[in-house]
Amino acid sequence: MNTIKPMNSMQIKYTFSKQDNYQSLNELLKVKFQISTNLLSKLINSNSITINNSNCDTRKMYPQNSLLNISFNYEENSDNIVATKMDLNIIYEDEWLIIVNKPSGIPIHPSRLHYSDSLSNGIKFYFESIGLKKKIRPVNRLDLYTSGLVIFAKCEYIQECLIRQMKKHIFKKSYLALASDRFEKFDEIINKPIGRKEGSIIERCIDYNNGKQAITHYRVLKEYNDCSLILCTIQTGRTHQIRVHMNSIGHPLIGDSLYFKANPNFKGQALHCYKLTFIHPITNNLITFKTLPLWINFTESPQSL
């Protein structure tokens with residue numbers, strides 16, 4: 001596990017240069033750091049922005065070599081989520097974010113049926129154990145029976161940065177899945193719009209009239225007798241996207257009881273968020289994290305992984 005011991009210190013320090021040709025500190029924060037208006041108001045109201053370690057007026061601009069400090073350590077209320085102790089499989093953690101490997105059968109968000117046993121409940125307990133009083137902010141989302149990597153931002157700024165990367169297709173998600181039968185085309189892009197199926201609040205379908213654009217690239221990695229191991233990369237994030245797309249081309253996912261049929265060997269569909277690639281909002285480094293699903297035989301997994 002690649003873990004940096006959390007210091008509970010989320011601060012950005014920046015020294016003004018002569019290139020900072022802004023009319024005000026507000027403009028610099030919005031343009032250079034891309035802080036939203038809503039978040040900027042929270043930072044101002046909590047006195048979290050200082051110049052040379054002193055309170056400042058963000059309506060003014062400050063001279064070259066002034067030291068700006070933006071602190072995201074202000075406390076937030078998350079009483080809407082119950083803290084539940086869980087054995088979290090933490091893949092990576094630093095002061096700004098945490099990445100966990102979600103098992104199949106655990107939802108990300110609490111709900112009426114999963115009031116205290118969602119992944120967010122476990123993250124809430126963990127945050128409390130390290131003294132972090134923040135809202136629970138999952139960045140990417142997985143279905144109940146989809147396993148794999150989930151990022152939780154430790155502050156609103158990180159969440160904003162990563163969501164912006166998603167919209168610009170910088171943040172990339174790759175999935176491993178077992179699809180039924182063998183494929184004729186081993187490498188293909190599926191571009192079919194997805195919408196809500198009429199009469200259902202859960203099921204999705206291909207909808208050329210009212211659906212939203214959905215693009216999935218799949219590549220066959222390995223073939224078995226009655227199924228194939230595929231690698232899917234999605235350019236859009238529609239609900240049930242991979243499940244609906246694979247079903248639409250005649251290769252529904254193994255164990256998918258909603259779009260195909262249940263399989264006693266799998267707890268839900270055989271779908272796993274295998275890889276995440278994104279630019280760390282603070283270090284600006286391009287980083288990648290990978291984890292294999294439990295249903296892959298590690299000794300037989302393709303070398304391309």
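This is a predicted model: local features need pLDDT of at least 70, side-chain atom pairs count only at pLDDT 80 or more; totals for chains, interfaces and linings use all residues.
Me: How many residues does helix α4 have, and what distance should they span?

Reply: A helix can be checked by comparing its expected span with the distance between its ends. Helix α4 comprises the 12 residues 156-167, which at 1.5 Å a residue should span 16 Å. The C-alpha atoms at its ends are 17 Å apart, which agrees.

Me: Which residues of α4 are buried?

Reply: A residue counts as buried when its relative accessible area is under 20%. In α4 this applies to E156, Y157, I158, Q159, E160, C161, L162 and Q165.

Me: Which residue just after α4 takes a positive phi?

Reply: That residue is H169, with a phi of about 60°.

Me: Why may β9 be called largely enclosed by the rest of the structure?

Reply: The burial of its residues gives the reason: 7 of the 7 residues of β9 are buried, so the strand is largely enclosed by the rest of the structure.

Me: In which sense, parallel or antiparallel, does β9 pair with β7, and over how many bridges?

Reply: Strands are said to pair when at least two bridges are found between them. For β7 and β9 the sense is antiparallel, with 6 bridges, and N101 stands opposite L149 in β9. Strand β8 also pairs with β9 in the antiparallel sense, over 2 bridges; here P138 has F152 of β9 as its bridge partner.

Me: In which sense, parallel or antiparallel, do β9 and β16 pair?

Reply: Strands β9 and β16 pair in the parallel sense, over 2 bridges. The bridge partner of S147 is H272 in β16.

Me: How many residues of strand β10 are buried?

Reply: Strand β10, residues 172-180, is mostly covered, with 8 of its 9 residues buried. With β16 it forms an antiparallel pair over 6 bridges, in which A177 is partnered by L271 of β16. Strand β10 also runs antiparallel to β15 (residues 227-234), to which 8 bridges join it; L176 stands opposite L231 in β15.

Me: How much space lies in the largest pocket?

Reply: Rolling a probe the size of a water molecule over the atoms shows where empty space is left. In this model, the largest pocket holds about 1,100 Å³ of space. It is lined by 36 residues, of which R141, L142, G237, R238 and T239 are the closest to its centre. At least two residues of the lining are supplied by each of α4, β10, β15 and α5 (241-248). By type, the lining of the largest pocket divides into 15 nonpolar, 13 polar and 8 charged residues.

Me: What is the volume of the second largest pocket?

Reply: The second largest pocket has a volume of about 350 Å³. Among its 15 lining residues, Q34, Y157, C161, P281 and N284 are the closest to its centre. The largest share of this lining, 4 residues, is contributed by α4. The lining of the second largest pocket consists of 8 nonpolar, 4 polar and 3 charged residues.

Methods
Residues are numbered from 1 along each chain as its sequence is written. Side-chain values use heavy atoms; hydrogens and water are left out. Buried means under 20% relative accessible area, exposed over 50%, partly exposed in between (1.4 Å probe, protein chains only). On a 1 Å grid over the protein atoms alone, a cavity is a set of points where a 1.4 Å probe fits but cannot get out, and a pocket is an open set with protein on both sides within 12 Å along at least five of seven lines; lining residues have an atom within 4 Å of a point. Grid points are joined across faces, edges and corners, and a volume is the space filled by probe spheres set on the points. Ala, Val, Leu, Ile, Met, Phe, Trp, Tyr, Cys and Pro count as nonpolar, Asp, Glu, Lys and Arg as charged, and the others, Gly among them, as polar.
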